[in-house]
Amino acid sequence: MKLKQSPFCLFTAVVSLIALTLSDSAVAKISIAVVGKTKNDTFYEQSFKGCQSFAKHHSEVECIYDGADDYQDFRTQSLIVNDLVAKRVDGLLISTTESNFLVSRSLKRAKQLNIPVITFDSDLLEEHKSYRLAYVGTDNFAFGVALGEAAKAFKSSEPQQICIQTGHHSTPNLDKRMNGVRYALSEQTSTEPLNGSHGWVEFERCPLFTMGKREDALSQLLALMSYDKPPIFLAVAGFAQFHPNYVERMLPFREKLASRAAVIISADTEEVQLQALKNGLSTMNIGQNPFEMGRKGAELLYQRIKFGKRPEKDSYYLDFHYCNQENSADCTVNH
């Protein structure tokens with residue numbers, strides 16, 4: 001026999017469904033924006049994935065990803081942050097391109113609106129730390145020291161020439177890495193340009209500044225590789241190796257690299273860089289953990305936004321790792 005539903009039962013069911021729907025939609029979203037120095041960059045994309053990984057376990061969290069499109073343009077980064085602040089994003093996770101500009105043009109307003117900021121990868125300058133809660137990422141000076149120490153194994157002359165490649169001349173984390181390289185190669189006596197007094201001298205026209213532009217970075221490297229005796233090339237970030245045609249354009253120098261007549265040491269171990277190592281087109285890479293930067297940064301912002309809890313530490317330093325041609329298949333995990 002077919003049961004007949006009463007109008008009251010139908011009404012109750014509809015009301016319950018509407019209430020459930022409203023309840024789900026009423027859950028306040030916590031929006032966290034991940035802003036790298038550049039957007040089209042697998043390093044910062046991994047940080048965004050780290051934020052998303054945290055969000056999978058906290059349904060109210062929404063991760064947003066942005067950054068300057070093609071290179072380290074501090075003005076564009078500031079405009080992007082201003083737009084996010086105007087939209088009342090709940091938290092900002094930022095890799096600093098230029099500390100003075102970012103603070104004066106963007107973070108002062110974020111602070112006025114009580115929008116919490118965590119820096120990752122590249123911190124604000126010491127005098128600007130009141131505009132962020134904490135830093136998550138590599139100890140950049142120690143990272144530079146590690147790069148410099150790695151170069152010592154390839155010293156072949158006295159003094160040994162070296163060329164450091166960096167990005168923007170005022171990017172905080174890259175400046176610290178350059179200082180770390182010089183500190184290591186001066187036998188821990190100085191962070192000034194190397195002048196030969198401790199067996200190392202910086203090649204003419206170096207350091208090289210790329211502004212994070214990959215074509216410029218690769219062109220600079222190719223020019224050095226064309227020398228009969230090129231200096232040791234040390235990049236404090238991926239730059240040239242992030243170029244999509246790096247492997248193809250570096251192939252003419254594979255024998256020179258194999259014989260150690262040329263040496264390339266680079267920061268970062270993104271997948272494209274591991275392929276370069278595998279193909280003998282890089283000598284050594286020292287990598288970071290951008291995924292964890294994004295995950296931990298999101299966690300700290302979430303704790304502040306939802307519970308009012310401040311980070312327990314000023315800086316959360318993450319480990320780095322070493323990759324070469326022999327271990328390139330398993331020296332790290334990219335996300």
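Helices here are DSSP runs of H or I at least four residues long, strands are runs of E of at least two, and both are numbered from the N terminus.

The model is predicted, so local features need pLDDT of at least 70 and side-chain atom pairs count only at pLDDT 80 or more, while totals for chains, interfaces and linings use all residues. Residues are numbered from 1 along each chain as its sequence is written, and side-chain values use heavy atoms, with hydrogens and water left out.

Start with the whole chain. The protein chain holds 11 helices and 13 strands. Its C-alpha atoms fill a box of roughly 95 × 50 × 30 Å along the principal axes. Of its 335 residues, 53% are buried. Buried means under 20% relative accessible area, exposed means over 50%, and partly exposed lies in between, with a 1.4 Å probe and protein chains only. The chain exposes about 15900 Å², and carbon and sulfur atoms supply 52% of that area. Accessible areas come from the Shrake-Rupley method with a 1.4 Å probe; for residues, only the protein chains shown count as cover.

Contacts come next. Contact means heavy atoms within 4.5 Å. Take contacts between residues at least 6 apart in sequence: 73% of them join residues at least 24 apart.

Now the charges. There are 37 positive and 39 negative side chains, and the centres of the two sets lie 6 Å apart. Lys and Arg count as positive, Asp and Glu as negative; His and the chain ends are not counted. Each charge is placed at NZ of Lys, CZ of Arg, CG of Asp or CD of Glu.

An unreviewed UniProt entry lists residues 32-308 as "domain: Periplasmic binding protein". UniProt positions are given in the numbering used here, feature names are shortened, and annotations may be inferred rather than shown by experiment. The span 32-308 is 42% helix and 19% strand, and its end C-alpha atoms lie 15 Å apart.

Gln-77 is found in helix α3, residues 74-86. Gln-77 counts as buried because its relative accessibility is 1%. Beyond residues up to four places away in sequence, Gln-77 touches Val-35, Gly-36 and Lys-37, and also Ile-94, Ser-95, Thr-96, Thr-97, Glu-98 and Leu-102. Leu-318 is 241 residues away from Gln-77 in sequence and 24 Å away in space, C-alpha to C-alpha.

Helix α5 has 13 residues, 140-152; at 1.5 Å a residue it should span 18 Å, and its end C-alpha atoms are 19 Å apart, which agrees. The expected span is 1.5 Å times one less than the number of residues. Buried residues in α5 include Phe-143, Val-145 and Leu-147.

Gly-167 sits in the loop between β6 (160-166) and α6 (172-185). At 0% relative accessibility, Gly-167 counts as buried. Its contacts, leaving out residues up to four places away, include Gln-72, Leu-174, Phe-209 and Phe-239. Gly-238 is 71 residues away from Gly-167 in sequence, and 9.7 Å away C-alpha to C-alpha.

Finish at helix α11, residues 290-307. Its 18 residues should span 26 Å at 1.5 Å a residue, and its end C-alpha atoms are 25 Å apart, which agrees. Phe-291, Met-293, Leu-300 and Tyr-302 are among the buried residues of α11. Gly-308 follows α11, with a positive phi near 75 degrees.
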